[in-house]
Amino acid sequence: MTAFAAFFRKDMQRWLRDRAALGAWVGIPVFVGLLLALVFGRGETRPQGVLLVADLDQTFLSRSVAPAFTQGELGRSFTVASVELDEGLRRMRRGEASALLVIPEGFSDRFLRSEPQTLKLWTNPSQAIMPDLARETTAILAEVGWYLQQALGRELRAMAGTGPWPADASIAMLAVRAAALAREGRALLDSPPIAIEEKITGAKQPANMAAAMAPGVVFMALLFLAFGLSGDLWVEKSSGTLQRLAASPAPVEVFLAAKTLAAVLLMGCVSAAGLVLGQWLAGGAQSGLAAAALWAALSGGMLFLLMALVQTLCRSERQGRTLANVAALLLMMAGGAMFPFEAMPAAVARIGRLTPNGWALAEMRAILAGDCPGIAWKIVLLAAMSAVLFAAISARLKKGFAA
Amino acid sequence: MILVEQLEKSYGEVRAVNGVSFEVQPGEIFGLLGPNGAGKTTTIHCLCGLVSPTAGKVRIGGADVQRDRVAARRQMGLAPQELALYESLSARENLEYWAGVYGLGGAQLRQRVGEALELAGLADRGREPVRRFSGGMKRRLNFACACVHRPRVLLLDEPTAGVDPQSRARLLDLVQAQASAGAAVVYTTHYMEEAQQLCHRIAVIDHGRIIAIGTLEQLRSLIGGRDVLRVAGRMDGPRAAEAAARMEGVEVLSAAEDLLSMRVEDGARKLEPILETLRRSGMEVRSVSLEQPSLESLFLQLTGKELRE
């Protein structure tokens, strides 16, 4: 057995047996990922709102308003519930709905007489998208209603005069009139001879929030691992094994190389598992998964060396662990592992992308999106960064840390 | 096998090792005896190249430790003061690791690991994680890890620290077995009994300087065959020393408020007159100890203080 093989085997045996530590390093990010999956769900998600409709008029026309919110694409965004006014107001106060639309008494009469009237819409200030959507839809409905009244007012009045539900003859008359209108207005209604070509610039982003955060969660796991595994140098120092090693003929560079390789292997497995989980959350296949896992593993090796340098430059284990912990947390926060760059202020995101893990994370997302020009040079850059860190740690191990 | 010449190591103003020189032959156990902080561990660290000496030379099997590190280190086995073991690995895995570090592999590795387990008396516990071992078992394994590659030079830094008497006796047997097999052993300790029992030659070290070196007999002869008498009680140091020194054949080694140490010719016969003199001088004697010449008394004679102070 070569010394390298002995070092590598020893580290893998020890790290894989320390299930509590391994569980914590991998478990925390996985827990965060699963939490996101629970919150946002799997696959493509869209905001879902609850629209309450309190119909005080209770006529054929007023009852036609609520179904307008459940047509086509709108129907996938809104759940419409008819409520009494009091209940609607109570549910709004509890924040249980996006909006409450109140159709006043006498709505049909005023509509058919073309008299002005007001629809009341309560919106929920704690929600971002759905109240706006309800407001816009109501405005459109009001406009469409006016045109409808202008074009088909006579037929609608005839229908309204036949009781709570229109007679078959009234419906037939309305249909005939609507068809005639459509024929007359076809020239105006046909689409203009201008085609729109849609172009999407930039990388395609996963539609799912949890999937969008998966690369960041992978890097969070890598930083946890880098912090935890680099602390092993202090364990070896305090137990005396590092000192005994320094008195052996095996060079410390070989010891460090084997430890780094073991860390890279472990991080590669964790990254691959994290990315597969992310793909599952996205509800579809992403390209470049293997390449992304490889990139993450190499980046993890660099982060391990960075943390190891921080730890070995300190004078005591407590100091080393504290400083490395702070560094890891800062890198997580700034480097897009905790919060996506898109959610950060532009200036902070710019700085975050310049951190080693932020840069590596951005590159991994590009690999996943199949948009990674010059990847060979980036691997060379990553290797160069790792080599500089490796040389610095080796020098530190030789000059005092190991003895 | 081991040659140390005018070894010096300074940390700023502090001179941890000061002009230490000695030689150790194959099959010899050489003891470095001294109190904590005397410079024993620093000397061992200089020997195995963990620390670069400020001055002087160390050669292991003809190889300069500083210039030809790998050749020197290949011949060495170090058992450091700390238990340099991996607690989550088994005894066998620890031994396999250290054997691998020294380049052993295949059948040779398996054979040596098996032998080392036998040597340490851990053959039946080889697959258990080390964290389940007692302190004595860990010490024996720590020693076995230093021997697994059959080094020609063994550097043992207080290998019996903190173990029970039974385990200590077993460890001393193991060290003797290695020396009998031809290894040159440097053994540091502050236990006088261990040094007396185990070492062929002993260097007494204090403040980084060797103050006496030789076989046990040679060192005893330095004391001149006189006994060491210690009288404890309420002593007025200077007055007690003055009273004792007036007696023939009595040499005061140290005098404190509660302890008077003397070197006495034929101590058993002179004991009663000395105590009578002290009582007449107003001293209150509470306990008395009379020792045959030993390394402890030599240390006391050379430094004026106890070995374990």
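Reader: How are H5(B) and H6(B) oriented to each other, parallel or antiparallel?
Author: In this predicted model, H5(B) and H6(B) pack with their axes 10 Å apart. The angle between H5(B) and H6(B) is about 10°. Angles under 35 degrees count as roughly parallel. H5(B) and H6(B) are therefore roughly parallel.

Reader: Which residues make the contact of H5(B) with H6(B), and how do they divide by class?
Author: From H5(B) come B:Gly136, B:Arg139, B:Arg140, B:Phe143 and B:Cys147. H6(B) supplies B:Ser167, B:Arg170, B:Leu171, B:Leu174 and B:Gln178. By class, these residues of the contact of H5(B) with H6(B) are four nonpolar, three polar and three charged.

Reader: What is the strand order of the open sheet in chain B, and which strands are its edges?
Author: The open sheet of chain B has six strands with mixed pairing, in the order S6-S7-S8-S3-S9-S10. From one strand to the next the twist averages 15°. An edge strand pairs on one side only, and in chain B that applies to S6 (76-79) and S10 (209-214).

Reader: Which strands does H5(B) touch, and which does H6(B) touch?
Author: Both helices pack on the sheet. Helix H5 (residues 135-147) of chain B makes about 165° with the direction of S6(B), and helix H6 (residues 165-180) of chain B makes about 155° with that of S8(B). H5(B) touches S6 and S7 of chain B, while H6(B) touches S3, S7 and S8 of chain B.

Reader: Which residue takes a positive phi in the hairpin of S9(B) and S10(B)?
Author: S9 (residues 201-206) of chain B and S10(B) run antiparallel, joined by five bridges. In this pair B:Ile205 stands opposite B:Ile210. The hairpin has two residues between the strands, and the positive phi, near 50°, belongs to B:His207.

Reader: Is H11(B) largely enclosed or largely open, and which residue follows it?
Author: A residue counts as buried if 20 or more other C-beta atoms lie within 10 Å of its own. The buried residues of H11(B) are B:Leu295, B:Ser297, B:Leu298, B:Phe299, B:Leu300, B:Gln301 and B:Thr303. That is seven of the nine residues, so H11(B) is largely enclosed by the rest of the structure. The residue after H11(B), with a positive phi near 75°, is B:Gly304.

Reader: Which element of chain B has the lowest mean pLDDT?
Author: Chain B as a whole has a mean pLDDT of 89, with 97% of its residues at 70 or more. Among its elements, H3 (residues 91-101) of chain B has the highest mean, 96. The lowest, 75, belongs to helix H11 (residues 295-303) of chain B.

Reader: How do H13 and H16 of chain A run, parallel or antiparallel?
Author: The axes of H13 (residues 289-313) and H16 (residues 356-368) of chain A come within 9 Å and cross at roughly 175°. Angles over 145 degrees count as roughly antiparallel. H13(A) is therefore roughly antiparallel to H16(A).

Reader: How many residues of each class does the contact of H13(A) with H16(A) have?
Author: The H13(A) side includes A:Ala291, A:Trp295, A:Met302 and A:Leu306. Among the H16(A) residues they meet are A:Pro356, A:Ala360, A:Glu363 and A:Ile367. By class, the contact of H13(A) with H16(A) has twelve nonpolar, two polar and one charged.

Reader: Is A:Gly33 buried or exposed?
Author: A:Gly33 lies in helix H2 (residues 19-40) of chain A. Its C-alpha atom is separated by 9.0 Å from that of A:Leu281, 248 residues apart along the chain. With 24 other C-beta atoms within 10 Å, A:Gly33 is buried.

Reader: Which element gives the largest share of the side of chain A that touches chain B?
Author: The contact takes 21 residues from chain A and 26 residues from chain B. On the chain A side, helix H1 (3-17) and helix H11 (241-246) give two or more residues. The largest share, seven residues, comes from H1(A).

Technical notes. Residues are numbered from 1 along each chain as its sequence is written. Chains are lettered from A and ligands numbered from 1 in the order in which they are written. This is a predicted model: local features need pLDDT of at least 70, side-chain atom pairs count only at pLDDT 80 or more; totals for chains, interfaces and linings use all residues. Two residues are in contact if their C-beta atoms, placed from the backbone, lie within 7 Å. Helices (H or I, at least four residues) and strands (E, at least two) are DSSP runs, numbered from the N terminus. Two strands pair if DSSP finds at least two bridges between them. Axes are lines fitted to C-alpha atoms, for helices over the stretch in contact, and angles run from 0 to 180 degrees between N-to-C directions. A residue is buried if 20 or more other C-beta atoms lie within 10 Å of its own, exposed if 12 or fewer, and partly exposed in between; C-beta atoms are placed from the backbone. pLDDT is the predictor's confidence in each residue, from 0 to 100. Angles under 35 degrees count as roughly parallel, over 145 as roughly antiparallel, 65 to 115 as roughly perpendicular and the rest as oblique. Ala, Val, Leu, Ile, Met, Phe, Trp, Tyr, Cys and Pro count as nonpolar, Asp, Glu, Lys and Arg as charged, and the others, Gly among them, as polar.
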